[in-house]
Amino acid sequence: MATIISNSANETEQLGERVAKALKGKEVIALFGGLGMGKTAFTRGLARGFGIDEGVSSPTFALVNEYRGSVTVYHFDMYRVQTWDDLYSTGFFDYIGNGVLVIEWSENIEGALPDDAVRVTIQRGAHDEQRIFTIEGIDL
C-alpha cells in the first residue's frame with residue numbers, strides 16, 4: 001500500500017501517469033472518494049500515461065467513456081448505479097479483461113469489484129487543493 005499526497009490537480013495527473021506505468025493493461029482501477037476529490041484528474045493522467053492526450057472527461061451522463069492509446073481505457077461513472085440491474089445495464093462485466101477499467105464512485109459497486117482490483121482512495125488533505133491518495137494492489 002502506498003500513501004501519496006498531491007497538492008494540485010497537476011500533481012494528481014502526474015500520479016495517474018505514474019500509476020499507468022505500473023499497470024499491465026487489463027486492470028480494474030477502483031476510485032473511492034467524494035465529489036471534487038480529483039478522480040477525473042487522476043484518470044486524465046492515467047490516460048496520458050497510455051498516450052491519450054485529450055478528450056478525458058467525467059462520464060457522468062454517458063456512464064462509460066472509451067479512450068484509445070497504447071492500451072484502451074474504459075472510464076466508468078457509477079454514481080447513479082444503485083442495483084445489480086443498473087450495474088448490468090452499464091455493460092461493466094463485458095469490459096473486464098479488455099483494457100484498463102477506471103471506475104469512479106466504486107463505493108456503489110464494491111461487491112462487484114474483482115478481488116484483484118487496484119483500489120485508490122482519495123481524501124481531502126490539509127488545504128483545499130491537497131489530496132491524500134491511498135493506493136492498494138500495485139507497487140509504485
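1. Is helix α2 mostly covered or mostly exposed? It is mostly covered, with 8 of its 11 residues buried. Buried means under 20% relative accessible area, exposed means over 50%, and partly exposed lies in between (1.4 Å probe, protein chains only). The buried residues of α2 are Lys39, Thr40, Ala41, Phe42, Thr43, Gly45, Leu46 and Ala47. They pack against α1, β2, β4, β5, β6 and β7.

2. A word on the basis. This is a predicted model, in which local features need pLDDT of at least 70, side-chain atom pairs count only at pLDDT 80 or more, and totals for chains, interfaces and linings use all residues. Residues are numbered from 1 along each chain as its sequence is written, and side-chain values use heavy atoms, with hydrogens and water left out.

3. The chain holds 4 helices and 7 strands. Both are DSSP runs, numbered from the N terminus: helices are H or I with at least four residues, strands are E with at least two. Read from the N terminus, the order is β-α-β-α-β-β-α-α-β-β-β. The radius of gyration is 14 Å, close to the 14 Å of the globule rule for 140 residues, so the chain is as compact as a globular protein of that length. That radius is taken over C-alpha atoms, and the rule is 2.2 Å times the number of residues to the power 0.38.

4. Some totals follow. The C-alpha atoms fill a box of roughly 40 × 30 × 25 Å along the principal axes. Of the 140 residues, 49% count as buried. Among contacts between residues at least 6 apart in sequence, 61% join residues at least 24 apart. Contact means heavy atoms within 4.5 Å.

5. Now the sheet. It is open and mixed, with 7 strands in the order β1-β7-β6-β2-β5-β4-β3. Strands pair if DSSP finds at least two bridges between them. β1 (2-6) and β3 (64-68) stand at the edges with a single partner strand each, so one side of each has no neighbour in the sheet. Neighbouring strands are turned by 20° against each other on average, direction ignored.

6. β4 (residues 72-77) and β5 (residues 100-104) run parallel and are joined by 5 bridges. Phe76 stands opposite Ile103 in β5. Helix α2 (residues 39-49) packs on the sheet, touching β2 (28-32), β4, β5, β6 (118-124) and β7. The direction of α2 makes about 170° with that of β5. Axes are lines fitted to C-alpha atoms, for helices over the stretch in contact, and angles run from 0 to 180 degrees between N-to-C directions. Helix α1 (residues 9-21) lies across β1 and β7 (131-136), at about 150° to β1.

7. The largest nonpolar core has 26 residues. Such a core is a set of buried Ala, Val, Leu, Ile, Met, Phe, Trp, Tyr and Cys residues joined through side-chain atoms within 4.5 Å. Ile29, Phe42, Leu46, Phe50, Val100, Val120 and Ile135 touch the most other members. β1, α1, β2, α2, β5, β6 and β7 each give two or more residues to this core. A second, separate core of 16 residues includes Val28, Ala30, Leu87 and Ile109.

8. Two glycines deserve a look. Just after α2, Gly51 takes a positive phi of about 85°. Gly111 lies in the loop between β5 and β6. With 73% relative accessibility, Gly111 counts as exposed.
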